[in-house]
Amino acid sequence: MNKAFGIVNFAGNHIQVAGLQEYRPVGAFSFLGRYRIIDFPISNMSNSGIDNIQVYVRRKPRSLTEHLGTGRHYNINSKRGKLDIMYAEGGEVGNLYSTDISAYIENMDYIERMPQPYVVIVPSYMIYTTDYSKFIDAHAESGADISMMYHAVDNAKEAFLSCDTLNINKQKGVLSIEPNRGNAKNRNISMDTYVMTKELFLDLVNKAHKTSSMYTFADILDEECGELDVRAVSHRGFFAAITDFKSYYDANMALIDLKNAMNLFDDEWPVYTRTNDSCPTQYFADSKVTSSVVSNGCLIEGEVENSIIGRGCIIKPGAVVKNCVISTDVIIGKGVHVENMMVDKHSRLIRGKRIIASPEKPGYIKRGDTL
Amino acid sequence: MKQNNMLAMILAGGRGSRLHELTKKVAKPAVSYGGKYRIIDFPLSNCANSGIDVVGVLTQYESVLLNSYVAAGRRWGLDAKDSGVYVLPPREKSDADLDVYRGTADAISQNIDFIDTYSPEYLLILSGDHIYKMNYAKMLAYHKECQSDATIAVIEVPMKEASRFGIMNTDETGRIVEFEEKPEHPKSNLASMGIYIFNWKTLRKMLLADMKDPDSSHDFGKDIIPTLLNEKKNVFAYKYKGYWKDVGTIDSLWEANMDLLNKNNGLDLNDPSWKIYTEDVTSLPQYIGSDAVIDRAFITQGCIVGGEVRNSVLFTDAKVASGAKVIDSVLMPGAEVAEGAVVTRALVAGGVKIGRNAVVGSADSENIELVAKRVKGDE
């Protein structure tokens, strides 16, 4: 019997991904060609034996609801398990009143009705794999009120700038939670991943709601961590936070390196996604593909280097794709050269012959665009 | 069932002994093909895409894997209400002893009770070991149009190869007047594809009679079809045009995989309107390394390519280490080729490892080498 139900939170107002986010929530972003970001938190839960999962969404839920469906592809026990999509009716990205707390308040009766004693809350904009069942057990054993995960990084000056950091004492107690202001290299980045009893969670939500209508869950936790016993649990392995366009591009590119990928993926810890029933990818005689991650269903006649190719893409003869993240169902036409770009779904790059951005500032081609 | 009143039965009991070690543990319909598929995915997906809701799969030889594989009808979308894939191995009945299926027709006869529960108007008989895409709804429309008692799908084969097949001789209307099994001097080149549509009532009567006939071998080709023709029933040939392959040998299985490397291979697995469904695996996308050379290849999920792959098909989770070469070959699921090894004109069975610097197969071999056991390298 699983002790906890899961909540997959939406990306808060501090997360703004130019371009992609106009079409779908961060959780529904295509990732590494084959996946969507939300596949990671939900697979983590499913593999950890959590099979009652609430996914919170705000604006533009279509692609996310389509992808999640009944949740059957996440191997959640289809009779006893359940994947619910929870709408935050007033939810609008950027609206200061649209917080995770307001979404929980709106769906309070559903949370109250969950039979499990614990709740695990995880974000939909972070990519990592971890076993929540160990996290829950360690928490229950520790006697702490709340346990939360963090990832120690040494590049907090230039990355994770929209994330929170944890101040931790020697006993791994959380002293405070504050935004990463980019003034130190070494930081403990909050993974927005918590476990606590359902009762405490509800108390905190109500308290936050009464204190300020703009409070987020992280805000109330920062305020309460003096009173409560909040423990920090370190995470090792691959970790990425999708907080803006650059971090999305970088997280994809980092996983082209098989060594990094092996830090994220494990045969014993499958990451599930919705199947598309695409056939294998066909590489033609004049194709040249190196250092790339390629999904199924592609027809490749051109050149691909250091790139991620989504499902069902067509790379025509003479095309050059370099340092790109290509989403699903994209056509790169004859002789077209694309470099340092993220090309969104259903785009057709047919006429523009050279589409090149600088490596420091990768470019973005809109969904369904024809060039 | 409600969609077109036709129930399909797939004959999947064949052993496929000419595939040697590949069918030692699994029946031929469960043999892997085309990177991510098993052969039986083709008739099952064709059924699903043709609007057939109920499919019986007749299994017999080494059926454990096949049974569990096809029982997951959801893979092919055959899991709605009143829909399903039913595995039908021989079973003991109250009025008969447990017996093997004595022939293709007997396999159907022994399941008359199953078919009767759906009381279909038409019965579609398929073979579980052919690779092709076909819309059975169109064949049914033709069957109705001709007011046939039975319709047999045929494909034109080269005249000089016709003596390897069951050949249908037709009159000018397409009506079959004569059937010859592997004729020495064929009169036509219309080969039977082993795909039949019967009016269930007619076939049911014939099967009941056939069961009692001590001289019958209980086979569609040898007994049922000849009887239909002798009785001057309406039997029409339905001409199929397109890719069709019966992969009976290692060479033909290799060839069928190589066909996929041609741009216009006729099978067009990429056609979104007629997808072939299969088991959904959780392997990673394909990882292509910095020194990889890929020249004409069909590669699927879970493959890691560090070395050279030319004219080859790589199945799920196959790995080619950097410095290894795979040429004119097929690597079945999970096959691994270590650094410096060279694989040429070979079919490497699932999970088999080729060790470092090992050399397997040769460019001028007459036959394709089947590698079913680990090949030690110099490590």
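Setting aside neighbours within four places in sequence, B:Tyr136 is in contact with B:Met6, B:Pro43, B:Asn46, B:Cys47, B:Ser50, B:Ile52, B:Leu124, B:Leu126, B:Ile195 and B:Ile197, contact being heavy atoms within 4.5 Å. This is a predicted model, in which local features need pLDDT of at least 70 and side-chain atom pairs count only at pLDDT 80 or more, while totals for chains, interfaces and linings use all residues. Residues are numbered from 1 along each chain as its sequence is written, chains are lettered from A in the order in which they are written, and side-chain values use heavy atoms, without hydrogens and water.

**Nonpolar cores**
- The largest nonpolar core has 120 residues, and those touching the most other members are A:Ile332, B:Tyr33, B:Leu44, B:Met134, B:Tyr136, B:Ile195 and B:Ile354.
- Helix H8 of chain B (residues 250–259) gives the most to this core, with 5 residues.
- Apart from it lies another core of 67 residues, including A:Phe238, A:Ala251, A:Met253 and B:Tyr287.
- A nonpolar core here is a set of buried Ala, Val, Leu, Ile, Met, Phe, Trp, Tyr and Cys residues joined through side-chain atoms within 4.5 Å; buried means under 20% relative accessible area, exposed over 50%, and partly exposed in between (1.4 Å probe, protein chains only).

**Helix H5 of chain A**
- In H5 (residues 132–142) of chain A, the buried residues are A:Tyr132, A:Phe135, A:Ile136 and A:His139.
- Viewed down the helix axis, these residues fall within an arc of 95°, so they line one face of H5(A); the arc is that of the directions from the axis to the C-beta atoms.
- The face turned away from the buried side carries the exposed residues A:Lys134 and A:Glu141.
- Cover for the buried residues includes helix H1 (39–47) and strands S1 (4–9), S6 (118–123), S8 (146–153), S11 (187–197) and S12 (230–234) of chain A.
- After H5(A) comes A:Gly143, with a positive phi near 75°.

**Chain A as a whole**
- Chain A has 9 helices and 28 strands, taken as DSSP runs numbered from the N terminus (helices H or I, at least four residues; strands E, at least two).
- Buried residues make up 58% of its 371 residues.
- Along its principal axes, the C-alpha trace of chain A spans about 65 × 50 × 40 Å.

**Interface**
- 37 residues of chain A are in contact with 37 residues of chain B.
- The two chains bury about 3000 Å² between them, 50% of it on carbon and sulfur atoms; buried area is the accessible area (1.4 Å probe) that two parts lose on being put together, summed over both.
- A:Asp277, A:Pro280 and A:Tyr283 supply 21% of the area that chain A buries against chain B, more than any other three residues.
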